[in-house]
Amino acid sequence: MTLILQVEGVSKRFGGLQALMQVTFDLAQGHILGLIGPNGAGKTTLFNTINGVFTPDEGRIRFLGRDVTGAKPYDMARMGMARTHQIVRPLNELTVRENVMAGACFGHENQGLRQASIIADEVMSFAGLAARANQLAGSLNVAQKKRLEMARALAAHPKLLLLDEVLAGLTPSEIDGMVKTILEIRSQGVTIIMIEHVMKAIMNVSDRIFVLEYGMQIAEGKPEDVVRNPKVVEAYLGDPQMAKRLMEEG
Amino acid sequence: MSQWKNLGLWLALAMVVLLGFWPIFSRDASGREAAFTILLAIVMASSLNIVMGYTGYVSFGHVVFYGLGGYVGMYALSALGWPLPLAVLAGGAGSATLAFLLGKAILRLRGSYFALATIGVNEAARTFVANFAPFGAATGIELQFSIYKPYGGAMQALWLTYYAVVAIAIFAVLFSFLIKNSKFGLGLMSIREDEDAAEVLGIVTPNAKTMAFVLSAILPGMIGTLFFFKNGNVEPGDAFRLGFSIESLVMIMLGGQGTVLGPVLGALGYQRLRTTLLTSDISIGSLPLKDFQLVISGVLMLLIILFIPGGLVGWLRQRFPSLRRVLA
Amino acid sequence: MDLGSLTTSLIDGLLIGVVYGIAAMGLNLIWGVMRVINLAHGAVIALGMFGVYLLFSVMGINPYLALGLVAILGLLLGIVIYYLTIGNMVNAPHLSTLLATFSINMVIIGLGTAAFSTSPRDSGFSLGTAELGFMKLQNTRLVAALITLLVTSALYFFLYRTRPGKYIRAVSNNRAAAELMGIPASRILALSFGIGTMLAAIAGGLIATFFSFTILSGEVYQQKSFVIGVLGGLGNPLGALLGGLILGALEGLLPLAMPNTWVPVIEFILFVIILLVKPSGLLGGKK
């Protein structure tokens with residue numbers, strides 16, 4: 001089992017706020033890791049730190065065996081890491097096609113324009129955006145922008161994909177569809193870390209779950225174990241009975 | 001490649017070619033001078049567009065490349081005795097080097113901070129050159145009249161310089177187009193849209209921005225040398241005229257930033273406006289209309305920013321979406 | 001050179017620096033409240049200079065009285081500029097507001113050049129010199145520094161003790177929240193812009209009492225305001241004053257070591273270095 005990502009003792013502080021405290025975990029290749037925790041727990045900060053947007057104050061990050069602590073986001077991308085943002089960031093004045101091509105051009109495959117365009121066609125149909133290929137990204141609605149965000153990340157054929165709340169705001173059937181998509185992406189060999197609040201979905205799709213609260217990890221393990229962990233329940237709900245009911249509703 | 005079906009490119013090229021070749025066929029010296037000024041403006045606007053329109057970094061100091069390139073070229077001509085073609089290349093290389101060094105210093109600044117830094121660049125460059133002995137300090141560099149002899153005399157030299165500028169202007173349009181449709185250009189435009197997202201996508205932003213800056217500096221440096229060669233001398237005040245930077249900005253905004261055709265249209269339109277003002281008989285109070293050039297430019301720019309921020313080309317693309325793909 | 005002239009140069013520089021501080025405060029306030037860099041700042045400074053100059057030379061009004069009128073006009077002008085430009089550009093990208101204020105700058109300078117030409121003006125106003133020990137200082141500069149301190153105190157009182165001032169601080173802190181609480185954000189922003197330009201006009205007026213100037217001089221002081229802004233922290237009024245003092249001191253002392261003409265280059269280099277090292281300025285303040 002190869003470890004694609006190793007996070008060791010990572011801490012990050014912003015002024016008076018300790019956003020991350022000694023976060024440590026390993027991620028095996030081909031796994032789906034679900035990252036959960038109450039709002040403000042530091043999940044997106046952790047993503048930003050893994051992705052190179054922030055440099056950890058303490059600790060090390062190893063990606064594909066290489067120490068990438070302090071590397072910049074473009075270094076990460078060029079090694080094969082891609083991510084989506086919680087609040088989507090489309091390149092507004094560029095077309096959907098150009099957005100997706102950018103993913104292919106500047107990711108680790110470093111494609112030329114022609115090949116990137118071919119990849120873009122594939123990914124756009126996969127994401128259901130083919131009909132809007134020549135529309136300006138800024139003119140899409142929020143759901144379409146989310147798909148664009150995902151398509152752009154996929155076009156890079158990443159080895160590690162960081163998904164930040166891709167299920168937010170979707171209807172139950174859309175969630176099912178997206179979960180299927182995520183499983184399909186994984187079957188193509190991509191390792192995934194997902195931040196999610198939709199408990200049912202993330203519990204069912206993840207191989208392992210990692211729980212953050214106030215920047216610290218309070219639980220890590222298989223979904224069915226984590227959900228029974230009293231610390232987790234308390235962090236979210238304060239009521240152990242709720243957890244049981246959640247799992248049963250699944 | 002289908003991108004060559006771009007109407008905007010061919011229109012722009014056609015305009016530059018027509019404008020450039022007309023005085024050559026008519027052998028008209030005053031027409032040549034007028035065209036020369038417009039072609040200069042086209043090169044300045046197109047090159048600034050690489051940094052401003054494609055990369056999204058507003059620069060108020062673009063004239064610095066023109067001025068410094070001009071100085072380097074003039075130095076090569078007078079002190080080193082280089083032939084004109086070599087001097088022109090030296091001018092381009094000189095401003096490219098300046099862009100590289102300057103870029104390393106200020107491209108780390110984002111958006112407004114970068115723009116602020118570029119405001120002071122012009123003044124700093126002017127002051128520096130005015131104190132720099134090898135460049136003639138405050139008096140500048142003056143060419144001996146005999147320098148025109150190898151080119152067949154002053155008259156011939158004027159025409160030769162003109163041919164060179166026409167060639168460079170045509171190249172500037174092509175260059176602009178090639179960049180826009182390249183992978184590099186896609187990177188620049190991604191930076192413009194969202195620099196942080198661009199980094200996450202894998203674009204090495206510091207390098208891309210520096211390259212854009214350097215590329216935008218080469219052609220101004222070359223035409224700077226040509227202009228001052230024609231002029232016979234260069235002084236700090238002439239080389240670093242802040243107004244030139246401002247005009248380039250207005251031209252880009254007018255025509256449409258981020259497009260190939262925009263700066264060309266903007267340059268043509270602006271120069272037309274300028275000529276109209278200069279030759280107008282209208283006076284406001286006791287002052288001729290030409291004194292109000294800056295005021296009119298300012299009002300124009302404000303109106304554009306408020307109502308058609310995409311300039312003329314931007315407005316056309318919005319109004320007629322079918323034109324969007326073809327008018328870039 | 002002797003200690004006397006060194007100290008005189010330093011004190012001189014500090015006195016002028018205080019006036020620079022007021023100019024920078026105007027720029028800082030606008031940046032702090034609405035995240036806009038007012039590129040018409042220099043033009044308004046120039047108008048302030050001409051205002052006081054004209055009222056004094058042509059109409060014989062005492063410059064310090066004229067300053068009051070110029071301040072009010074500066075306030076009104078700022079409000080007009082706000083509504084012409086930024087008021088219509090609520091969600092525009094930052095660079096649009098930059099270019100918008102820049103076009104106003106062009107218009108003002110263009111009109112000013114047409115009206116006044118670029119020949120230098122000197123108000124020729126003098127209050128004599130004061131002799132303090134071994135130093136001889138211009139009284140006009142002492143008075144200017146004094147007025148600056150008065151204006152600064154008034155500004156602080158306004159911002160912290162009056163309701164409009166509190167509204168301004170609220171809007172600059174969190175516009176959306178302020179609006180939800182019933183504060184008319186647009187009018188407050190216009191007022192803030194007006195106060196910013198008022199400070200610029202006052203600075204210009206004071207400078208006119210001891211320096212000669214042209215319509216283009218405002219640009220120079222705008223540049224200094226930027227340098228001070230990053231020295232003292234954009235968004236921090238007290239920082240502006242401190243930054244002004246530092247710059248003034250530098251300007252007073254540098255010419256003793258190098259030709260005067262190098263000062264703009266040094267200032268520019270300083271400006272870039274600070275922006276690179278600490279974009280929020282030496283004293284922090286809002287970014």
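Start by selecting the open sheet of 6 strands in chain A, whose order is S6-S7-S8-S3-S9-S10 with mixed pairing. Strands (E, at least two residues) and helices (H or I, at least four) are DSSP runs numbered from the N terminus, and two strands pair if DSSP finds at least two bridges between them. The edges are strand S6 (81-83) and strand S10 (216-221) of chain A, each pairing on one side only. From one strand to the next, the twist averages 15°.

This is a predicted model, in which local features need pLDDT of at least 70 and side-chain atom pairs count only at pLDDT 80 or more, while totals for chains, interfaces and linings use all residues. Residues are numbered from 1 along each chain as its sequence is written, and chains are lettered from A in the order in which they are written.

Next, select residues 32-36 and 191-195 of chain A. These are strands S3 and S8, which pair in the parallel sense over 4 bridges. A:Leu33 stands opposite A:Ile193 in S8(A).

Move to S9(A) and S10(A), which run antiparallel and are joined by 5 bridges. A:Phe210 has A:Glu220 in S10(A) as its bridge partner. The hairpin of these strands has 2 residues between them, and A:Tyr214 takes a positive phi near 50° there.

Helix H1 lies across S3, S6, strand S7 (160-164), S8 and strand S9 (208-213), and runs at about 150° to S7(A). Such angles run from 0 to 180 degrees between N-to-C directions, with axes fitted to C-alpha atoms, for helices over the stretch in contact.

Show the other chains. Residues are in contact if their C-beta atoms, placed from the backbone, lie within 7 Å. Chains A and C share no contact, and their closest C-alpha atoms are 13 Å apart.

Where chains A and B meet, select 22 residues from chain A and 16 residues from chain B. On the side of chain B, helix H7 (183-193) and helix H8 (195-201) are the elements giving two or more residues. H7(B) gives the largest share, 6 residues.

Finally, select B:Leu39. Leaving aside neighbours within four places in sequence, B:Leu39 is in contact with B:Leu19, B:Gly20, B:Val165, B:Val166 and B:Ala169.

Methods
Two residues are in contact if their C-beta atoms, placed from the backbone, lie within 7 Å.
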